[in-house]
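Trainee: Could you take one part of this model and go through it closely, in plain words? I have not seen the structure before.

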Amino acid sequence: MKKRFYSTKLFKMIIVVAVCGLLVFLNPAQLFNPFRTVFSTAISPFQKIAYLFSLKVENAGNFLASIGKLKKENEKLTEENQRLQAENAQIQDLRRQKEILENQLNLLPREKYELENAYVIASDPSGRGNWIDISKGSQNGIKEGMSVIISQGILIGKIEKAELVSSRVALLSNPASRINAMTAQSGSKGIIKGEYGLGLILDIVSQNDILNKGDDVITSGLGGEIPRGIYIGKIKDVRESPDKLFWEAVVISPLNLSSLEVVSVIKIF
Amino acid sequence: MKKYSIYLAVLVTALIIQSSFFPPLFSFRPLPQLVLVIIISWTVIAGFRSAFWRAVLAGFLFDIAFGQKIGTEILILAVISYLVSFFSRRFLVENKFWGGLVLVGFVIGATVLHRFYGEFMYLAGAGCQIREIFRVIFSNAAGSWLREIFSNVILFGLCFWALKKIESRFISSSQ
């Protein structure tokens, strides 16, 4: 009877489940890191091709779907173009004033960051938007903790792990992510946290500070890891924290994760 | 040897498609689970004896590729392979229509179990209490569960057909 049980499917499954349970509990990450490095190095080029091809397919699909709306959108865009031209003139003036102030306060302009551009090659397969993989790694000077932005100067996350030819970026929506932030309008300081794939929360804001819907949230630069002034998102809603000690705000990021193609890692700032 | 190389190539390709090809296409969450669907197909086609070790390998590569704790995906794929094998011996019938419905039932059950397990392990790993875990899991819109089930069923149809062709080629070449 014993011998029969040892050769059954159930026995095999029990053994595998027990071993896996032990591995998950003990989590001997160091033991498997060499496998991870080799595997990620081997599949990274194929992931890049697959991701870029998928973006092209998605763009083609969006184009076909939008053919009917093109005329209306054209009219709307012409109007918006005119408005933006007027705004641009004002922005040029503001830029000039900014340069004068930067020189006076000895601040480092954004253009002086040393950036390493990389392609997005993979993302969290669970669909929670916790991380993406990019096509540059430690051989390109990328290290854990470096900030990652997109070209418009919007923060998307930090480097969580740098392999040889690829790196994992923990996105802002990752619940383990913690970024020191502040509002651009009132300077109210807090911490940006991800909420299990449901969005971003600006948390631990003092009750003496002011938060308004529509305020822009930027990095505060506290801690020295991330440069100050990088855009994160806009406040959508303000409420008291569950313990009633702080304010917290729901922050909407302008990012569309599914269409990310190229990101920039801030190596030096 | 050639057979095992092809199985490995199928798994690695599935991992690349799931991690890199699907995310931009499926901007709504969650993504179709290609690796899961392949394991279900193999279990039905090749039986538990062969499919089980492929499920273990698939889970190992999945954990390696996506930075999960080793054992996380191995566990659920092994359990799903066992359950599919267990129920297919009892419920699968020769009749194509009813047999097809039974297979769809396997995919639906496996999808729900896989998603529930994935959410549970993720939230538990993030330090959530049990009550909070169930609150977050059941606060997900029914639409997202239905979309995942629907996409997995479609994918299963394609994978089952393709993998059956591959297996029958191996069988005919070994004869």
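Mentor: Ile204(A) belongs to strand S8 of chain A, which covers residues 200-205. Helices (H or I, at least four residues) and strands (E, at least two) are DSSP runs, numbered from the N terminus. This is a predicted model, in which local features need pLDDT of at least 70 and side-chain atom pairs count only at pLDDT 80 or more, while totals for chains, interfaces and linings use all residues. Residues are numbered from 1 along each chain as its sequence is written, chains are lettered from A and ligands numbered from 1 in the order in which they are written, and side-chain values use heavy atoms, with hydrogens and water left out.

Ile204(A) has a positive phi of about 55 degrees, although it is not a glycine. Most residues other than glycine have a negative phi. With a relative accessible area of 41%, Ile204(A) is partly exposed; buried means under 20%, exposed over 50%, and partly exposed in between (1.4 Å probe, protein chains only). Lys244(A) is another residue other than glycine with a positive phi, near 65 degrees. Lys244(A) sits in the loop between strand S10 (231-240) and strand S11 (247-252) of chain A, and it is exposed, at a relative accessible area of 54%.

Chain A has four helices and twelve strands, and 38% of its 269 residues count as buried. One of the strands is S5(A), residues 167-171: five of its five residues are buried, so the strand is largely enclosed by the rest of the structure. In a regular strand the side chains alternate between the two faces of the sheet. In S5(A) both faces are covered, with Ser167(A), Val169(A) and Leu171(A) buried on one side and Arg168(A) and Ala170(A) buried on the other.

S5(A) also has strand partners; two strands pair if DSSP finds at least two bridges between them. Strand S2 (residues 131-134) of chain A pairs with S5(A) in the antiparallel sense over four bridges, and Arg168(A) is the bridge partner of Asp133(A). Strand S4 (residues 154-162) of chain A pairs with S5(A) in the antiparallel sense over five bridges. There, Ala162(A) stands opposite Ser167(A), and a hairpin of four residues joins S4(A) to S5(A).

Asp124(A) is buried, with a relative accessible area of 8%. Contact means heavy atoms within 4.5 Å. Leaving aside neighbours within four places in sequence, Asp124(A) is in contact with Gly129(A), Asn130(A), Trp131(A) and Leu31(B).

Two packed helices are described by the angle between their axes and the distance between the axes. Axes are lines fitted to C-alpha atoms, for helices over the stretch in contact, and angles run from 0 to 180 degrees between N-to-C directions. Angles under 35 degrees count as roughly parallel, over 145 as roughly antiparallel, 65 to 115 as roughly perpendicular and the rest as oblique.

H2(A) and H3(B) pack at about 5 degrees with their axes 11 Å apart, and they are therefore roughly parallel. Lys9(A), Lys12(A), Met13(A) and Val16(A) of H2(A) make this contact with Phe48(B), Arg49(B), Phe52(B), Trp53(B) and Val56(B) of H3(B). By class, these residues are six nonpolar, no polar and three charged. Ala, Val, Leu, Ile, Met, Phe, Trp, Tyr, Cys and Pro count as nonpolar, Asp, Glu, Lys and Arg as charged, and the others, Gly among them, as polar.

H3(A) packs against H3(B) at about 80 degrees, with the axes 9 Å apart. That makes H3(A) roughly perpendicular to H3(B). Phe32(A), Phe35(A), Arg36(A) and Phe39(A) of H3(A) meet Phe60(B), Leu61(B), Asp63(B), Ile64(B) and Ala65(B) of H3(B). That contact has seven nonpolar, no polar and two charged residues.
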